[in-house]
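Here is a short tour of one protein chain. Take a look at the model first, then read on.

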Amino acid sequence: MLHYLYRLPNKPDGGSDLSAPVGMVSIPDESYMHRVPEGAIQVSETPVSEDESGAFFEAWRLSDNGEVYVDLEVAKEIKLNQLRERRDGLFKDLDRQQFNAFCSKKTDIVERIEEEKELLRNVTERIDWDQVNTLEEINYVMPPEMV
């Protein structure tokens, strides 16, 4: 299998720049080269060693010298969105628990759950992203309120 990365257009004229996201196409052999976009470079199956799983594919970028790297600012946004989705799931579960406690007139539980929800509301704004400098560190960001 042959794998190719190429910059996606991010300009109105169809052009792209270094900040453009990449696309990846895999073909079984060279007879399918007509499917590979012009300017694509051949890469290994896992071209970004620090992101072998491709979890941050949307943050991959292609330099002019053909090096594939991860735009850490975009990776941070991806992680932030993952955390927000996790938080939303926690809220749904807490809402259910709080409703049950309310219906059972267990006000102490209702209040405890409300305190827990208050901690979750601003959890993503309390992350100090300036202290996160590598993709490995981004992967480990998990506020304790969300565990």
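## Overall layout

This is a predicted model. The chain folds into three helices and five strands. Read from the N terminus, the order is β-β-β-β-β-α-α-α.

How does the chain's radius of gyration compare with that of a compact globule of 147 residues? The globule would come near 15 Å, but the chain has 22 Å.

Buried residues make up 33% of the 147 residues. The accessible surface is about 9,600 Å², and carbon and sulfur atoms account for 49% of that area. Among contacts with a separation of 6 or more, 49% join residues 24 or more positions apart.

## The nonpolar cores

In soluble globular proteins, nonpolar side chains tend to be buried together. Here, the largest nonpolar core holds 26 residues. Which of them touch the most other members? They are Phe-56, Trp-60, Val-68, Val-70 and Ala-75. Strands E4 (60-62) and E5 (68-70) each give at least two residues to this core, and so do helices H1 (72-103), H2 (107-121) and H3 (135-140). H1 supplies the largest share, six residues.

Another core, of six residues, lies apart from the largest one. Its members include Leu-2, Tyr-4, Ile-27 and Val-36.

Val-68 deserves a look of its own. Leaving out residues up to four places away in sequence, Val-68 touches Leu-5, Val-43, Pro-47, Val-48, Trp-60, Arg-61 and Leu-62.

## Helix H1

H1 has 32 residues. From first C-alpha to last, H1 reaches 46 Å, close to the 46 Å expected at 1.5 Å a residue.

The buried residues of H1 include Ala-75, Ile-78, Leu-83, Phe-91 and Ala-101. Lys-76, Lys-79, Arg-87 and Gln-98 are also among the buried residues. What do the buried residues of H1 pack against? Their partners are E5, H2 and H3.

## Helix H2

H2 has 15 residues and reaches 21 Å between its end C-alpha atoms, close to the 21 Å expected. Val-110, Ile-113, Lys-117 and Leu-120 are its buried residues. Viewed down the helix axis, these buried residues fall within an arc of 75°, so they line one face of H2. An α-helix has 3.6 residues a turn, so residues three or four places apart point the same way.

The face turned away from the buried side carries exposed residues: Thr-107, Asp-108, Glu-111 and Glu-115. H1 is part of what covers the buried residues of H2.

## Two loop residues

Lys-105 sits in the loop between H1 and H2. Is this residue buried or exposed? Lys-105 counts as exposed because its relative accessibility is 70%, above the 50% cut-off. Its phi is near 60°, a positive value in a residue other than glycine. Most residues other than glycine have a negative phi.

Trp-129 lies in the loop between H2 and H3. Trp-129 is buried, because its relative accessible area of 16% is under the 20% cut-off. Beyond its neighbours within four places in sequence, Trp-129 contacts Lys-76, Lys-79, Leu-80, Thr-124 and Val-141. Lys-76, Lys-79 and Leu-80 are also among the buried residues of H1. Glu-73 is 56 residues away from Trp-129 along the chain, yet the C-alpha atoms of the pair are separated by 9.4 Å.

How values were computed: Residues numbered from 1 in each chain as written. Predicted model: local features only at pLDDT ≥ 70, side-chain atom pairs only at ≥ 80, totals over all residues. Heavy atoms only, no water. Core = buried A, V, L, I, M, F, W, Y, C linked by side-chain atoms within 4.5 Å. Buried < 20%, exposed > 50% of the residue type's maximum accessible area, 1.4 Å probe, protein only. Helix = DSSP H or I, 4+ residues; strand = E, 2+ residues; numbered from the N terminus. Contact = heavy atoms within 4.5 Å. Expected span 1.5 Å × (residues − 1). Arc of directions from axis to C-beta. Rg over C-alpha atoms; globule rule 2.2 N^0.38 Å. Areas by Shrake-Rupley, 256 points an atom, 1.4 Å probe, with all protein chains shown as cover.
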